[in-house]
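Colleague: Could you take a close look with me at one part of this model, the packing around one of its helices? I would enjoy a connected walk through it, residue by residue.

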Amino acid sequence: MHRVWEHVENPVVFATPFFLALVTAEAVMLAVEKRRDAARDRWEDGGDSHGRVPAAPTAKTGYSFADTRTSLMMGSGAVVAMLVFKSLTLLLFAAIWTYVALWHIPVTWWSWVLLFVVVDLTWYCNHRFSHRVRIGWAAHQAHHSSEHFNLGTALRQKWNPWSEAIFWLPLPLLGFTPWTIYVAFGFNLIYQFYPHTEYIGRLPRPVEFVLNTPSHHRVHHGSDPEYLDKNYGGILIIWDRIFGTFQQELHTPKYGLTKPVTTHNPFKLEYFEYANVVRDLRSARSFRERLGYVVGPPGWQPDRLRDAQLAATVVAEPADGATPAAAGPA
């Protein structure tokens, strides 16, 4: 049992105290900066923004007590969910690695390097799936539900990590020792903590070209049309450059979902989109519509509903120069 627990252990758990310390430090720094800027505005006319790097956000969203409390609660729940998930999938992956894999890759320095690259690629694929397939988005959208962007937002994790098992499944088949997969993924998540900040502007160009940085990840959390479904990378941004999903930071993003949520209840944030899927399935009139509501992209609608909306728009918006019947004389 002790050896099983050793394999289930997550580096993220050991990094949690450092996460909390950094969240606290960033919150204090932002509060001090806000007070300093407010004092400056009272005594000076205009002025620059304290030498902030161009292209970084000029107005930080900062911290909200209710928002940060929700993120911490969701992070705590995610640790428990990940423990359960890893306990179950470890058994499956161990069986595949033992009885199905044609070879076993030795645990050496080069295999760790290879594994970190492969895990990062599977993260990109799973992350893209989670944005482009509605049932995946139903789980992942919780991470994007905050309209603030700070280190606390990084802790706003999903409680339903089921899709990760699907994308990790080839790894034990390729011969990677199951417990090493979890270790590599844990360090991948640890790296992804730091890009959730507005405090860091653009980094040197070689770094920005290869690695996922705060500038790249601010884009990913933006709900602006030009920022949607961009920059899926975990540690490496090169996957986005290769597969055509990269977007440079052009302006301060508007963070959060395209349809903002109005609750800080973590259970609603985690599961409201699943409820929406069930609602749409009940209204479906065919197998194709049911399939579309589950595996179509977020916002997918059947043709009959799109046509009805288009017709309503045409009626509501008369041609140029025409006078709406309701507005003209009888």
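Predicted model: local features only at pLDDT ≥ 70, side-chain atom pairs only at ≥ 80, totals over all residues.

Modeller: Happy to! From helix 3, the residues taking part are Met 82, Lys 86, Thr 89, Leu 90, Phe 93, Ala 94 and Trp 97, and they meet Pro 178, Trp 179, Tyr 182 and Phe 185 of helix 9. Sorted by class, the residues of this contact are nine nonpolar, one polar and one charged. The two axes come within 8 Å and cross at roughly 140°. An angle over 145 degrees would count as roughly antiparallel, and helix 3 and helix 9 are therefore oblique to each other.

Helix 3 has another partner in helix 13, which covers residues 266–283. Here the axes come within 9 Å, with a crossing angle of roughly 65°. The range from 65 to 115 degrees counts as roughly perpendicular, so helix 3 and helix 13 are placed in that class. Thr 70, Met 73 and Met 74 make the contact from helix 3, while Pro 266, Leu 269 and Glu 270 make it from helix 13. By class, this contact has four nonpolar, one polar and one charged residues.

Phe 185 is among the residues with the most contacts inside the largest nonpolar core, together with Leu 115, Val 119, Trp 168, Phe 176 and Ile 181. That core has 16 residues, and the elements giving two or more residues to it are helix 3 (65–99), helix 4 (109–132), helix 7 (162–168) and helix 9 (178–191). A second, separate core of eight residues includes Phe 19, Val 23, Leu 155 and Phe 193. As background, nonpolar side chains tend to be buried together in soluble globular proteins.

Leaving out residues up to four places away in sequence, Val 119 touches Leu 171, Ile 181, Ala 184, Phe 185 and Asn 188.

Last, a look at helix 4, where Asn 126 has its place. Is this residue buried or exposed? Buried means under 20% relative accessible area, and Asn 126, at 3% relative accessibility, counts as buried. Neighbours within four places in sequence aside, Asn 126 is in contact with Ser 163, Glu 164 and Phe 167.

Key: Residues numbered from 1 in each chain as written. Heavy atoms only, no water. Core = buried A, V, L, I, M, F, W, Y, C linked by side-chain atoms within 4.5 Å. Buried < 20%, exposed > 50% of the residue type's maximum accessible area, 1.4 Å probe, protein only. Helix = DSSP H or I, 4+ residues; strand = E, 2+ residues; numbered from the N terminus. Contact = heavy atoms within 4.5 Å. Axes fitted to C-alpha atoms, helices over the stretch in contact; angles between N-to-C directions. Parallel < 35°, antiparallel > 145°, perpendicular 65-115°, else oblique. Nonpolar A, V, L, I, M, F, W, Y, C, P; charged D, E, K, R; others polar.
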